[in-house]
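Hello,

Here is the structure for you to look through. My notes on its pockets and cores follow below.

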Amino acid sequence: MSSPTHFAFIIGEALIDAVTTTDGVTKEHPGGSPANVALTLGRLGRSAHLLTWIGQDERGRTIEQWLQESRVYIEPASAGAQATSLARASLSASGSATYQFDVEWDLPPVQVPAGAVIAHTGSIAAILQPGGAKVRALLEAARDTATITYDPNMRPTLMGSPNEVRPHVETYVGLSDVVKVSDEDLEWLYPGVDPRDVARRWQAGGPALVVVTFGGEGAFAVTSQDELTVAAPQTTVADTVGAGDSFMGALLHGLWEQGLVGSVERQNLHAINSATLETVLLQCTKVAAVTVSRAGANPPWLAELDE
């Protein structure tokens with residue numbers, strides 16, 4: 001796949017989700033939070049390059065095929081792991097998932113490729129060592145050219161206690177232009193604190209935009225100019241796997257659509273107006289609603305949004 005002039009550079013885990021449903025049946029699906037973001041961008045017609053850490057094994061080949069079918073370019077240095085990582089997910093009756101992990105996370109020595117107008121990371125990749133420190137260094141290097149975006153997407157069974165993880169998360173927030181986080185993640189990181197208050201504090205510390213998702217209740221956004229709440233469309237939930245990642249991918253797509261990505265647009269991103277932001281966020285909720293209506297991390301293609 002050829003490399004376009006401008007693209008989103010997504011850094012983070014791609015893995016296999018072994019999902020066990022309430023009837024005890026287990027099926028394997030490709031996944032991983034940053035990989036799902038890249039997949040969403042590819043399906044929405046955006047150029048996405050994924051730097052990840054997979055093995056040259058059957059599961060790794062499954063991931064490569066899955067991503068390439070959604071037009072994601074996989075950085076060649078990504079296939080250096082001893083084995084492709086595995087996440088075991090158990091679904092509850094409501095469709096929510098709990099996870100256990102067999103994960104190896106590292107990165108090869110690479111530089112930020114020319115043409116990256118977005119540099120995104122999140123979840124396991126930002127925290128788990130030895131790769132986490134390398135991710136942070138790449139984001140710091142990318143600030144000169146790219147909009148920096150982050151989704152904490154907590155995995156408590158892998159990351160440690162809130163007290164251990166919180167300083168790392170706050171460092172990434174301070175590096176970022178755009179942060180998307182779920183209410184569940186904030187409730188775990190800051191027990192007893194209103195997620196909206198955390199978002200306000202995070203935004204005051206540097207990002208142009210902080211968005212908190214509340215599942216089927218919609219989303220809350222805060223900028224230096226304003227605060228905004230949008231509702232989520234009504235939908236029948238198959239499961240919530242990949243919903244937050246598809247929202248994140250749609251958020252990047254929407255800001256790109258508005259001409260607000262790349263470091264040269266940083267000042268304009270800080271000045272985003274409410275009408276523009278509402279347009280972007282409503283599209284995000286629509287993308288996430290389609291994703292939860294289908295099994296697994298299966299975000300819509302751009303053409304589906306117009307149906």
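**Pockets and cores**

The largest pocket has a volume of about 1100 Å³. A pocket here is an open set of points on a 1 Å grid over the protein atoms alone, where a 1.4 Å probe fits, with protein on both sides within 12 Å along at least five of seven lines. Its volume is the space filled by probe spheres set on the points, which are joined across faces, edges and corners. The pocket is lined by 45 residues, and Ser182, Glu184, Thr240, Ala243 and Gly244 are the closest to its centre. Lining residues have an atom within 4 Å of a point.

This is a predicted model: local features need pLDDT of at least 70, side-chain atom pairs count only at pLDDT 80 or more, and totals for chains, interfaces and linings use all residues. Residues are numbered from 1 along each chain as its sequence is written, and side-chain values use heavy atoms, without hydrogens and water.

The second largest pocket holds about 230 Å³. It has 15 lining residues; Val19, Thr21, Leu91, Asp239 and Ala295 are the closest to its centre.

Now the cores. A nonpolar core is a set of buried Ala, Val, Leu, Ile, Met, Phe, Trp, Tyr and Cys residues joined through side-chain atoms within 4.5 Å. Buried means under 20% relative accessible area (1.4 Å probe, protein chains only). The largest core has 51 residues, and Ile11, Val169 and Trp202 have the most contacts inside it. Apart from it lies another core, of 48 residues, including Ala18 and Leu277.

Best wishes

Notes:
Buried means under 20% relative accessible area, exposed over 50%, partly exposed in between (1.4 Å probe, protein chains only).
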